[in-house]
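This report describes the fold, the helix contacts and a few individual residues of one protein model. Please keep the sequence and the structure in view while reading.

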Amino acid sequence: MTTVSELPSPLTLLPRAQAGDEHAMNHLLTAITPYVARICRSITHDDGADATQEALLAVYRGLGSLREPAAFYGWVRSVTVREAIRTARRYGVESCCSEVDSQEETNPLDAVHISDVLERLSQAHRQVLTLRAYGLNEEEMAEVLALPVGTVRSRLFRARRRFQEAWQPSAA
């Protein structure tokens, strides 16, 4: 049995997978599954497995449309976030997008404070802050959330303000 660490790089598998090589496609999807699952869990919580499956299926179906291999991970991130939000909406997840899964090294206590502050924000504010944390710009967020760009900008502005008002890292 092959482990994920023994698989070729997704970028080397990409051209073969796009050309219809099912073996390369399987390896590619296996290689990106942890990345996709981490994003989905942070957005959907308990429905992370369903969102991961939907996102991987969307990647599988849309891989032929990807023209620039260097944009692969950004494209996968966008597809994953979109599918995770769709799954969260489908299941009516109230706590959608309440955790920010950061790849940066942070103080564990800060992560607890951040999660606490995010939980106190409205779902709409949590969504835009989480999407911003994943690197989406206002236009991308508007597309994912099916909202006008102006609405996204005002939500982001208000969400940042509410977060700053609630953030008191050293008050404890």
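## A residue between two helices

Where is the place of Ala146? Ala146 lies in the loop between α7 and α8. The model is a predicted one, and the description below applies to that model.

The phi angle of Ala146 is near 55 degrees, which is a positive value in a residue other than glycine. Ala146 counts as exposed because its relative accessibility is 62%, and the cut-off for exposed is over 50%.

## Overall composition

The protein chain contains 8 helices and 0 strands. Read from the N terminus on, its elements run α-α-α-α-α-α-α-α.

Of the 172 residues in the protein chain, 41% count as buried. Among contacts in the chain with a separation of 6 or more, 67% are between residues 24 or more positions apart.

## The largest nonpolar core

The largest nonpolar core has 44 residues, and Leu63 and Phe72 touch the most other members. At least two residues of this core come from each of α1 (10-18), α2 (22-44), α3 (48-62), α4 (72-91), α5 (108-120), α6, α7 and α8 (149-166). The largest share is that of α2, with 10 residues.

Which residues is Leu63 in contact with, leaving aside its neighbours within four places in sequence? They are Leu14, Ala17, Gln18, Met25, Leu28, Phe72 and Trp75.

## Packing of α2 and α3

The axes of α2 and α3 come within 8 Å and cross at roughly 140 degrees. The two helices are therefore oblique to each other; the cut-off for roughly antiparallel is over 145 degrees. The crossing in which α2 passes α3 is right-handed.

On the α2 side, the contact is made by Glu22, Met25, Leu29, Ile32, Thr33, Val36, Ala37, Cys40, Arg41 and Thr44. On the α3 side, it is made by Gly48, Ala51, Thr52, Ala55, Leu56, Val59 and Tyr60. By class, the residues of this contact divide into 11 nonpolar, 4 polar and 2 charged.

## Leu56 in α3

Leu56 is found in helix α3 and is one of the residues that make the contact with α2. Is Leu56 buried or exposed? Leu56 is buried, because its relative accessible area is 15% and the cut-off for buried is under 20%.

With neighbours within four places in sequence left aside, Leu56 is in contact with Leu29, Ile32, Thr33 and Val36. The C-alpha atoms of Leu56 and Ala37 are separated by 9.3 Å, and the two residues are 19 residues apart along the chain.

## Packing of α6 and α7

Helix α6 covers residues 123-133 and helix α7 covers residues 138-145; their axes come within 10 Å and cross at roughly 130 degrees. That angle is why α6 is oblique to α7. The crossing of α6 past α7 is right-handed.

Gln127, Val128, Leu131 and Arg132 of α6 make the contact with Glu138, Met141, Val144 and Leu145 of α7. The contact of α6 with α7 has 5 nonpolar, 1 polar and 2 charged residues.

## His125 in α6

His125 has its place in helix α6. His125 counts as buried because its relative accessibility is 13%. Apart from neighbours within four places in sequence, His125 is in contact with Arg155, Arg158, Ala159 and Arg162.

## Packing of α7 and α8

At what angle do the axes of α7 and α8 cross? The crossing is at roughly 110 degrees, and the axes come within 8 Å. The helices α7 and α8 are therefore roughly perpendicular to each other.

From α7, the residues Glu138, Glu139, Met141 and Ala142 take part in the contact, and from α8, Val149, Val152, Arg153 and Leu156. These residues divide into 5 nonpolar, no polar and 3 charged. Glu138 and Met141 of α7 are listed here, and both are listed in the contact of α7 with α6 as well.

Terms used. Residues are numbered from 1 along each chain as its sequence is written. This is a predicted model: local features need pLDDT of at least 70, side-chain atom pairs count only at pLDDT 80 or more; totals for chains, interfaces and linings use all residues. Side-chain values use heavy atoms; hydrogens and water are left out. Axes are lines fitted to C-alpha atoms, for helices over the stretch in contact, and angles run from 0 to 180 degrees between N-to-C directions. Helices (H or I, at least four residues) and strands (E, at least two) are DSSP runs, numbered from the N terminus. Angles under 35 degrees count as roughly parallel, over 145 as roughly antiparallel, 65 to 115 as roughly perpendicular and the rest as oblique. A crossing is left-handed if the near helix is turned anticlockwise from the far one by less than a right angle, and right-handed if clockwise. Contact means heavy atoms within 4.5 Å. Ala, Val, Leu, Ile, Met, Phe, Trp, Tyr, Cys and Pro count as nonpolar, Asp, Glu, Lys and Arg as charged, and the others, Gly among them, as polar. Buried means under 20% relative accessible area, exposed over 50%, partly exposed in between (1.4 Å probe, protein chains only). A nonpolar core is a set of buried Ala, Val, Leu, Ile, Met, Phe, Trp, Tyr and Cys residues joined through side-chain atoms within 4.5 Å.
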